[in-house]
Amino acid sequence: MKTQKIILKDITNSALSNADGIQLEVVLNQAISDGYSVIISFQGISVMTTSFLNSSLGNLIDKYGIEILSNIRLVDYTSTIASFIKKYISDIKSLSTS
Amino acid sequence: MTISKIKTIHVVDFNNVETHVKWLNSNRVQNHNYRAFPAKAIYLDFSLSRFLKPYHIAPLACLIHEYQSKGFKIKISKTIPRIKDYLGSFGFDRFCDSVTETGLEDPRDQKTFPLWLIRDEGKEFYTIRVKEYFENNHFSGHDLFVLGNSLGELLNNIFDHSHSKIPGYTFTQYNTRTNSIITCVCDFGIGIPNSVNRFLKKTGEQKLANDKALEKAFELSFSALTKPHNRGFGWDTVIGNIKTLQGRLLIISNNTVFVLHPNGKINTQLFTSNFPGTLIVVTLYTSNLPLKEVNSDELDLF
């Protein structure tokens, strides 16, 4: 599978709002429909909210199912951002099975 | 003896929530006695204040904003020197001159980040700026993700749910004595219990008592769904952040007070006064902040 690298800072100034999340969702959607696996670089991003994740990864999961995440990897992330995203995904998984 | 045509509001550093809320309600512009005080001006008298905290400043800012939006001029009339210094250190005097003067110039005292009129278009910039300000000035090498994330979630909440007629205010301060960062967000909106009950009514469910309605808002995946993108993860995140740092959360909304204590114990209480919106005070203890680490290894999400 071909891989596309997305540098989050190139498409949005922050990872805090729904609008920021939608910008990432659009790029992810395009890459996935074109058959790419994706690496997202979080370089320069040090804070994030659930609103951002709802409108990016959350919408993607709604559309393709949780397995879509196997096509996405992260790089250049802080430990706190990684823990935050992992917790979000874990919450989505637990809610979908409850 | 001449009677002043200008009302004086005596600002008090209340430590009791109910008294503070009663004071706030009695001094709101909607209760202004135009017959007794026809001048469109207010004096703020701080001579009774000794230890003002962020949770006094943010609601006071909302109060002033209400008066200013009705054309009132605001003037600080009396203060003791220490309080005058404190207010001046984050530009409160300029704020009283005009609420539009809420620029983000650096304060004189590096422990305080200026009062900010919450605006939808600037809230991302503000959140990042506060986080970086405290990281750079006090916590070099440490990661204040929890502060930025909590503030970001709370500000998003205001725009999604509060329906406030006036914008809210936020204010953040570092307390070196207790090693804590106190961030405060206040709006004069409909309040969380009212928002939850409005949603329950819309979905045909039974109305809850306000304390139960407030607790309902914190349930993971419960959302008053004011906007389609709401999924009910925000409050769980804020509470998780606070628990991680053994911090404290105080929420006053409508007639309900909610406290999450550092030991994890929760108290919810109903009282007779009604806060005109929501006041949230997050206290984060900074002795256990994680170090900032950037990883370049690839991380699988699934």
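This is a predicted model: local features need pLDDT of at least 70, side-chain atom pairs count only at pLDDT 80 or more; totals for chains, interfaces and linings use all residues.
Two strands count as paired here if DSSP finds at least two bridges between them. By that rule, strand β5 of chain B, residues 169–175, and strand β6 of chain B, residues 180–187, run antiparallel to one another and share seven bridges. Within this pair, Thr172(B) sits across from Thr183(B) of β6(B).

β5(B) and β6(B) belong to an open sheet of five strands in chain B, ordered β4-β5-β6-β8-β7 and paired in the antiparallel sense. At the edges are β4 (112–117) and β7 (248–260) of chain B, each of which pairs on one side only. Ignoring direction, neighbouring strands of the sheet are turned by 20° against each other on average. Helix α7 of chain B, residues 192–202, packs on the sheet, where it touches β7 and β8 (266–285) of chain B, and its direction makes about 65° with that of β7(B).

β6(B) and β8(B) are antiparallel and joined by eight bridges; here Ile181(B) has Leu284(B) in β8(B) as its bridge partner. β7(B) and β8(B) also pair in the antiparallel sense, this time over twelve bridges, with Val257(B) opposite Gln269(B) of β8(B). The hairpin made by β7(B) and β8(B) has five residues between its strands, and Gly264(B) takes a positive phi near 95° there.

Nonpolar side chains tend to be buried together in soluble globular proteins. Leaving aside neighbours within four places in sequence, the contacts of Cys184(B) are Pro54(B), Tyr55(B), Ala58(B), Thr170(B), Phe171(B), Ile280(B) and Val281(B).

Ser195(B) is found in helix α7 of chain B. This serine counts as buried because 24 other C-beta atoms lie within 10 Å, the cut-off being 20 or more. Ser195(B) and Asp93(B), 102 residues apart in sequence, are 34 Å apart in space from C-alpha to C-alpha.

As for the chain as a whole, chain B has nine helices and ten strands. Its C-alpha trace spans about 75 × 50 × 35 Å along the principal axes. A compact globule of 302 residues would have a radius of gyration near 19 Å, and chain B has 20 Å, so the chain agrees with that expectation. Buried residues account for 44% of the 302 residues in chain B. Among contacts in chain B between residues at least 6 apart in sequence, 67% join residues at least 24 apart.

Methods:
Residues are numbered from 1 along each chain as its sequence is written. Chains are lettered from A and ligands numbered from 1 in the order in which they are written. Helices (H or I, at least four residues) and strands (E, at least two) are DSSP runs, numbered from the N terminus. Axes are lines fitted to C-alpha atoms, for helices over the stretch in contact, and angles run from 0 to 180 degrees between N-to-C directions. Two residues are in contact if their C-beta atoms, placed from the backbone, lie within 7 Å. A residue is buried if 20 or more other C-beta atoms lie within 10 Å of its own, exposed if 12 or fewer, and partly exposed in between; C-beta atoms are placed from the backbone. The radius of gyration is taken over C-alpha atoms; the globule rule is 2.2 Å times the number of residues to the power 0.38.
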